[in-house]
Amino acid sequence: MSGPGRWWRRKSTPAKVETYTRWSFHFFAVAEVAVFGLPALGQVPLPYAPWVCLMVCVHAVFGAVVGSRALDWTRGRRAQPLRLMSAFGATSAVFAGVALWLVDRGLGGEDTATALGSVTGGLVFFGVGMITLGIRSRRRIPVLVLVFSAGLGLFALALGAVLSAVLITALTALLGTGFFAMTSVFSVWLLNAVYELDEARETRARLAVAEERLRFGRDLHDVIGRNLAVIALKSELSVQLARRGREEAVEQMIEVQRIAAESQREVRDVVRGYREADLGVELLGAQGVLKAAGIDCEVTGETAGLPAEVQSALAWVVREATTNVLRHGDARRCSVGLLMSEGCVVLTVENDGAETAAGSGDGGTGLAGLRERLRAVDGTLEAGPAGAGAFRVVARVPVGAGPAAGEPVAVEAAAGKPAGVEAVVGAPVTADAAAGEPVTVDAAAGEAVAGERGAAA
């Protein structure tokens with residue numbers, strides 16, 4: 001879908017709230033003309049009717065401009081429109097005085113007086129409401145309401161109105177201007193609150209990334225810091241021994257080689273733990289995040305029994321798909337399904353409110369990264385539109401049935417790779433590698449894990 005719908009969906013949540021707030025106050029201008037200006041054409045006698053309607057139209061357009069500039073100032077995009085607000089306040093007071101003067105002249109009958117009184121109230125109500133948008137100090141708003149209400153009452157008294165009519169006029173102005181002023185204050189507060197919450201969420205995400213980087217840095221330092229210090233010390237010792245022609249230099253270099261290999265293995269373990277993700281945790285996290293964003297999320301399927309590498313790859317698919325649902329389109333519903341089918345596990349993520357394929361299609365670097373991760377486990381990824389306004393991501397990863405109980409498993413050692421070593425599920429055995437290292441075989445996981453080097457220790 002193109003046009004206004006796509007334009008609206010491309011906006012962020014704070015931008016949507018700002019657009020809604022801005023056009024609400026623009027609608028106030030239309031309402032002012034429709035409620036107060038147009039009825040005056042039929043209820044106010046000529047030649048005053050067109051002028052009264054024109055006066056209301058000018059005031060409405062002026063108010064829309066003031067409201068737009070005031071909202072821009074609220075978001076920090078321009079300076080505070082003090083002169084424009086002052087001019088609009090004076091215009092509202094003059095126009096309201098003119099309408100009240102026409103009421104005092106007794107034009108027409110009771111309907112004319114009612115119409116002109118409504119015009120007077122509308123000019124004051126909408127005038128104070130628009131000016132309130134550009135006021136920073138909330139303490140000045142009650143003063144503004146009281147000044148306009150009292151001024152309108154005093155002007156009615158000066159025209160010779162009875163005391164009861166003056167009190168009614170002032171009280172009506174107080175209630176009307178107070179309502180529109182509070183509406184403006186609440187609208188500005190809500191708009192600023194939405195932007196602040198969005199900034200807080202971005203800050204929270206940046207802090208989470210920074211914290212994870214610090215954690216990874218600490219883990220990496222703890223793993224290789226001591227080993228590098230030992231390598232430097234033993235290398236220096238071997239240099240000194242070699243200069244003296246001592247044979248112990250060879251032993252020290254062998255020890256350096258062993259520590260370097262161990263450090264390399266430990267670094268790989270740290271990086272592997274950093275890059276792996278748990279599928280069950282990601283599914284729960286995706287459901288919680290989407291529900292917090294107001295999106296109905298349904299998760300089906302079980303993760304039990306899936307190999308660790310398969311769970312890690314599919315967990316990244318869930319994470320990336322959830323991010324795309326939040327960033328692209330305007331989803332209201334999202335379903336995540338995990339299904340075993342014909343020797344492979346199928347993960348499906350589908351949401352509505354999606355944009356066209358250009359907005360969230362195959363060209364993104366996120367989906368390309370997911371294909372690389374799935375390719376490492378012989379998996380595939382499909383992503384694209386799935387009907388009107390829907391988008392679907394499907395990941396398929398083959399899962400082997402694994403050996404049955406009591407079935408022999410062939411194991412290749414790390415060095416030399418001699419075949420023929422067999423193990424029964426549930427009974428770990430050891431086989432000597434070419435380098436003389438014992439290799440522990442865990443048949444349940446199907447992996448050969450290098451054992452402790454007793455001689456080197």
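Me: Which residues is K16 in contact with, leaving aside its neighbours within four places in sequence?
Reply: Contact means heavy atoms within 4.5 Å. In this predicted model, K16 is in contact with W8, R9, K11 and D330. K16 itself is found in helix α2.

Me: Is K16 buried or exposed?
Reply: Use the cut-off: buried means under 20% relative accessible area. K16 has 13% relative accessibility, so it counts as buried.

Me: What share of the chain is buried?
Reply: Buried residues make up 37% of the 457 residues. The chain holds 12 helices and 10 strands.

Me: How do I read contacts across the sequence?
Reply: Take contacts between residues at least 6 apart in sequence. Of these, 63% join residues at least 24 apart.

Me: How do I check the span of a helix, say α4?
Reply: The expected span is 1.5 Å times one less than the number of residues. Helix α4 covers residues 82-105, which is 24 residues, so it should span 34 Å. Its end C-alpha atoms are 35 Å apart, and that agrees. Now try α3: its 27 residues should span 39 Å, and its end C-alpha atoms are 39 Å apart, which agrees.

Me: What do the buried residues of α4 pack against?
Reply: They pack against α3 (48-74), α5 (110-132) and α6 (140-158). Among these buried residues are M85, F88, F95 and L100.

Me: Which residue other than glycine has a phi near 60 degrees?
Reply: That is D378, and the value is positive. D378 lies in the loop between α12 (365-375) and β4 (380-385). Exposed means over 50% relative accessible area. D378 is at 62%, so it counts as exposed.

Me: Where is there a cis peptide bond?
Reply: Check omega. From L46 to P47 the bond is cis, with omega near 0 degrees. P47 sits in the loop between α2 and α3.

Me: How do I read strand pairing?
Reply: Look at the sense and count the bridges. Strand β1 (residues 296-300) pairs with strand β2 (residues 333-341) in the parallel sense, over five bridges. On to β3 (residues 344-351): eight bridges join it to β2, and the two run antiparallel. Here S341 stands opposite C344.

Me: How many residues lie between β2 and β3 in their hairpin?
Reply: Two. E342 is in that turn, with a positive phi of about 55 degrees.

Me: What is the volume of the largest pocket?
Reply: About 1600 Å³. It is lined by 39 residues, and the closest to its centre are D198, R201, V289, A293 and L326. Elements giving two or more residues to the lining are α2 (13-43), α7 (163-243), α9 (279-292) and α10 (308-327).

Me: Which element gives the largest share of that lining?
Reply: Helix α7, with 10 residues.

Key: Residues are numbered from 1 along each chain as its sequence is written. This is a predicted model: local features need pLDDT of at least 70, side-chain atom pairs count only at pLDDT 80 or more; totals for chains, interfaces and linings use all residues. Side-chain values use heavy atoms; hydrogens and water are left out. Two strands pair if DSSP finds at least two bridges between them. Helices (H or I, at least four residues) and strands (E, at least two) are DSSP runs, numbered from the N terminus. On a 1 Å grid over the protein atoms alone, a cavity is a set of points where a 1.4 Å probe fits but cannot get out, and a pocket is an open set with protein on both sides within 12 Å along at least five of seven lines; lining residues have an atom within 4 Å of a point. Grid points are joined across faces, edges and corners, and a volume is the space filled by probe spheres set on the points. Buried means under 20% relative accessible area, exposed over 50%, partly exposed in between (1.4 Å probe, protein chains only).
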